[in-house]
Amino acid sequence: MDARRDCFSRDGALFFVGMEMPESKRAFGLNGWLRSIPPFIWPALFASGSGTRLFAPRRRFDPGSPELMDRPGMDRALLREELQTLEYFNRHAGGHWLVLQYVKRFAASHPPASLNILDLGTGAADIPRALVAWARQNQRSLTITAVDGNPEMLEFAREAGRDWPEIQFEQHDLRALPYARGSFDLVLCSLTLHHFTTADAVTILHQIHQLARGGYIVNDLRRNWLTLWTTAFFARTLSRSPIFRNDALQSCRAAFTVRELRALAEQAGLSNFQIEPHQALCRMVLTGRK
Ligand SMILES: C[S@@+](CC[C@H](N)C(=O)[O-])C[C@H]1O[C@@H](n2cnc3c(N)ncnc32)[C@H](O)[C@@H]1O
């Protein structure tokens with residue numbers, strides 16, 4: 001089995017497990033120790049379903065109790081503060097950089113004609129702005145349709161996007177998008193999939209696959225103890241936003257594991273996709289080409 005698949009099949013938590021080692025070293029070190037664990041133990045450690053797992057807590061998602069940012073009537077000042085915090089973390093903790101690397105890779109293999117991008121769950125649209133800034137600097141022509149379901153979120157996004165005519169804003173529920181098949185060269189969805197039930201996540205992934213003419217990049221938190229603990233630490237020490245403090249942890253608990261995301265993608269009919277771990281195992285990026 002390919003080393004990368006092997007690592008993902010074990011949730012990626014010990015992603016060196018499947019790496020090839022010289023024959024002489026196979027029985028030694030942590031890798032050798034892990035290989036010495038009887039195979040029937042692994043399913044017990046990584047089994048989904050009930051109970052806590054060794055490397056990832058059970059998914060906690062209650063559609064009746066959404067993240068504070070998704071609740072209607074949320075205080076506007078607090079919501080604005082939340083979006084500023086999210087943008088700050090995206091900018092300084094590598095969120096923009098991560099998406100940009102994948103978009104650059106996609107753009108490099110795409111003819112230099114204009115790129116037509118769809119960004120789903122855009123929030124304050126800071127990712128679209130970062131992409132347009134890059135395109136302007138590199139003489140690439142880019143248009144982005146930034147979609148969000150929350151009208152207040154879009155109001156902030158429009159305000160912040162005043163000087164970015166390459167971005168147009170539209171309000172839609174991601175579970176029922178109105179676009180025709182193959183409408184966009186590239187479809188992005190960042191830090192948003194965990195806002196949905198597994199059934200809705202499958203619907204959204206299916207639509208992403210349908211709408212993308214060239215490819216798609218879905219980037220999200222990855223549920224495991226490390227993500228939960230580091231997020232708890234940073235949310236409590238670096239942020240004063242009450243929405244961020246609550247939602248950051250709720251997001252980590254609602255996020256999927258690599259294995260779950262792969263299963264959702266398969267159910268959604270995606271083929272020829274890959275999932276890569278990022279940011280010290282705290283994030284994952286699902287990409288595919290058409
Ligand atoms: C955590 S924010 C992500 C913002 C941005 N993409 C980023 O990476 O920072 C998730 C976004 O998904 C949006 N969202 C949640 N449920 C939605 C739905 N059913 N339809 C459309 N957008 C939704 C929220 O309004 C929010 O802006």
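Analyst: A residue counts as buried if 20 or more other C-beta atoms lie within 10 Å of its own. Keep in mind that this is a predicted model.

User: Which residues are buried in helix 10?

Analyst: In helix 10, the buried residues are I243, F244, D247, A248, Q250, S251, C252 and A254, and they pack against helix 4 (76–92), strand 5 and helix 9 (225–238).

User: What span should helix 10 have, at 1.5 Å a residue?

Analyst: Helix 10 (residues 242–254) has 13 residues, so at 1.5 Å a residue it should span 18 Å, and this agrees with its end C-alpha atoms, which are 18 Å apart.

User: What is the order of the strands in the sheet?

Analyst: The seven strands form an open sheet with mixed pairing, in the order 3-2-1-4-5-7-6. Strand 3 (167–171) and strand 6 (273–278) are the edge strands, each of which pairs on one side only, and from one strand to the next the twist averages 20 degrees.

User: How many bridges join strand 4 to strand 5?

Analyst: Strand 4 (residues 184–190) and strand 5 (residues 212–221) run parallel and are joined by six bridges, with L186 standing opposite G215 in strand 5. Helix 7 (residues 151–160) packs on the sheet, where it touches strand 2 (142–148) and strand 3, and its direction makes about 170 degrees with that of strand 3.

User: Which residues are closest to the ligand?

Analyst: The ligand is surrounded by 18 residues, of which the closest are G121, G123, G149, N150 and S190. By class, this shell has five nonpolar, nine polar and four charged residues.

Definitions and conventions: Residues numbered from 1 in each chain as written. Predicted model: local features only at pLDDT ≥ 70, side-chain atom pairs only at ≥ 80, totals over all residues. Near = placed C-beta within 6 Å. Nonpolar A, V, L, I, M, F, W, Y, C, P; charged D, E, K, R; others polar. Pairing = 2+ DSSP bridges. Helix = DSSP H or I, 4+ residues; strand = E, 2+ residues; numbered from the N terminus. Axes fitted to C-alpha atoms, helices over the stretch in contact; angles between N-to-C directions. Contact = placed C-beta atoms within 7 Å. Expected span 1.5 Å × (residues − 1). Buried ≥ 20, exposed ≤ 12 C-beta atoms within 10 Å, placed from the backbone.
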